[in-house]
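Here is a short report on one protein chain. Please look over the sequence and the model before reading on.

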Amino acid sequence: MIFSLSIDVGRVAKIGAAIVIGAVVLKQAAHMVADWRRSAISRARRAAQQRDVVYLHVFPRLVSDNLHNSAPCLKVESFLRMYKVPYEVLYGMNNADSPTERLPFIELNGVAVAESAFIIEHVAAHFKLDIKPASSEAAGKTTMLRRLTEDSLRLHYYRHLMVDNWRKLVPTYAKLTGLPVCVMSLIYTKTMRPRLIATLNLHGQGDLTDAQYHAEFLADVKAIESQLTTQKFAVSDEKPTVADCSVFAWLQNVVWCARQGIACPAVDYAAHSSVINAYLGRMEGLLYPDKSELLSEASRKLKSQRFN
């Protein structure tokens, strides 16, 4: 007996299209439910927050010998301590509630603000803090140092640590995410590292030879050191200012690389500079007298900490 199989191609195509559309709709619905749930959790969290307290979302403190491996997170926290602003640190990877989907970000009276410079401006305006430089010369130095640390030194630091020495960084990321080192290595090399290289290339890092890059990195460190040679702080001999928040945060992490054996000429120079080390010691003494407790194993396991 011979059977003939007749296929209605048009009908099959319609069914296939319906399945695809259904899958897309279900996926969108799942995203909408997840977004709604996350928004509800965020609203509940913010409703429970105390007014006129800064809630600072940062990465966890992962090591016992560095105040924070994220210079932007350390910059903001240093500012809050410098101006004695009441704050609570929330440790984790909650960047979904950040306006830029990046850490750090803050919540203050129900308003979320991201990016360190804008966070500082927002907090200063809210608490009516006088953060303006004392003179036009100080204003010029403040701008110069912020550009030097955040637009130049930052890129050299990222290339040194996260591109050239990524293998030494991956275990820290694995600890942060809870993933096995082998899995984190694969994710880092296939996604994070290529994206960072592309970003660095857009800023001209790809135009430099290795020797030129190291020379520029070292020049940045020496330029910052020169500002600290004749005075105790970045733009003042009397007390630290907003400029010190950036300088301290980035130099702290550059010197930390030396302690981890992640060396290069700029890192070695900073680590052996008596001027830089004396400056870091002064800043730590003023802003982080509780450093030992802050970096203790017990404290590093906390989900949040309140500081008044």
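Pro86 sits in the loop between H2 and strand S2 (87-91). Helices (H or I, at least four residues) and strands (E, at least two) are DSSP runs, numbered from the N terminus. Pro86 is partly exposed, because its relative accessible area is 22%. On this scale buried means under 20% relative accessible area, exposed means over 50%, and partly exposed falls in between (1.4 Å probe, protein chains only).

Which residues does Pro86 contact, leaving aside its neighbours within four places in sequence? They are Asp52, Val53, Val54, Phe307 and Asn308. Contact means heavy atoms within 4.5 Å.

## Basis of the model

The model is predicted: local features need pLDDT of at least 70, side-chain atom pairs count only at pLDDT 80 or more, and totals for chains, interfaces and linings use all residues. Residues are numbered from 1 along each chain as its sequence is written, and side-chain values use heavy atoms, with hydrogens and water left out.

## The chain overall

The chain has twelve helices and five strands. Its C-alpha trace spans about 100 × 50 × 40 Å along the principal axes. Of its 308 residues, 42% are buried. Among contacts between residues at least 6 apart in sequence, 71% join residues at least 24 apart.

The chain exposes about 16,800 Å², and carbon and sulfur atoms supply 58% of that area. Accessible areas come from the Shrake-Rupley method with a 1.4 Å probe; for residues, only the protein chains shown count as cover.

The largest nonpolar core has 76 residues. Helix H8 (residues 242-259) gives the most to this core, with twelve residues. Such a core is a set of buried Ala, Val, Leu, Ile, Met, Phe, Trp, Tyr and Cys residues joined through side-chain atoms within 4.5 Å. Leu80, Phe217 and Tyr279 have the most contacts inside the core. Beyond its neighbours within four places in sequence, Leu80 meets Val54, Leu56, Val85, Tyr87 and Val123.

Arg81 belongs to helix H2 (residues 71-82). Arg81 counts as buried because its relative accessibility is 13%. Its side chain makes a polar contact of 2.9 Å with the side chain of Asp290. A polar contact is a pair of N or O atoms within 3.5 Å; within protein, one must be able to donate a hydrogen and the other to accept it, and residues adjacent in sequence count only if both atoms are side-chain atoms. Not counting residues up to four places away in sequence, Arg81 touches Tyr87, Leu287, Tyr288, Asp290, Leu294 and Phe307.

## Backbone exceptions

Most residues other than glycine have a negative phi, and most peptide bonds are trans. Asp52 has a positive phi, near 60°. Asp52 lies in the loop between helix H1 (9-48) and strand S1 (54-58). Asp52 is partly exposed, because its relative accessibility is 36%.

Glu101 also has a phi near 60°. Its place is the loop between S2 and S3. Is Glu101 buried or exposed? Glu101 counts as exposed, at 56% relative accessibility. A cis peptide bond, with omega about 5°, joins Leu103 and Pro104. Pro104 is in the loop between S2 and strand S3 (105-108).
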